Amino acid sequence: MKATPWVVVEADDKQTIQREFAQGEIVDQFPSKEHSVFLVQGANVPPLPNTVLEGPIYGVGVFRDERRARTLAKSLAEK
């Protein structure tokens with residue numbers, strides 16, 4: 001049985017997430033001083049989003065466990 005991954009994405013805006021993770025669902029958004037942190041659940045995670053090195057995506061983490069992903073997302077938003 002294949003689990004659906006939880007993805008933590010640090011990005012400028014929701015539109016970027018929707019474009020890069022077209023088959024994912026934004027489950028939560030954590031505001032931050034620098035960039036928002038999004039918790040996305042989706043069956044397809046791009047190998048490396050095109051915008052990760054140049055922005056507007058600044059970081060991506062993929063997890064099997066929602067609790068771990070949510071904890072990291074909250075932690076990133078607090079910095």
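Me: Which residue in β3 does Ile 26 stand opposite?
Reply: Heads-up: this is a predicted model, where local features need pLDDT of at least 70, side-chain atom pairs count only at pLDDT 80 or more, and totals for chains, interfaces and linings use all residues. Residues are numbered from 1 along each chain as its sequence is written, and side-chain values use heavy atoms, with hydrogens and water left out. Strands β2 (24-30) and β3 (36-42) pair antiparallel over six bridges; a strand is a DSSP E run of at least two residues, numbered from the N terminus, and pairing takes at least two DSSP bridges. In that pairing, Ile 26 stands opposite Val 40.

Me: And what's the bridge partner of Val 7 in β3?
Reply: β1 (6-11) also pairs with β3, antiparallel over six bridges. There, Val 7 has as its partner Val 40.

Me: Which strands sit at the edges of the sheet?
Reply: The sheet is open, with four strands in the order β2-β3-β1-β4 and antiparallel pairing. An edge strand pairs on one side only, and that picks out β2 and β4.

Me: Is His 35 buried or exposed?
Reply: His 35 is in the loop between β2 and β3. Buried means under 20% relative accessible area and exposed over 50%, with partly exposed in between (1.4 Å probe, protein chains only). At 14% relative accessibility, His 35 is therefore buried.

Me: Which side chain does the His 35 side chain join in a polar contact?
Reply: Such a contact is an N or O pair within 3.5 Å; within protein, one atom must be able to donate a hydrogen and the other to accept it, and residues adjacent in sequence count only if both atoms are side-chain atoms. At 3.3 Å, the partner of His 35 is Asp 12.
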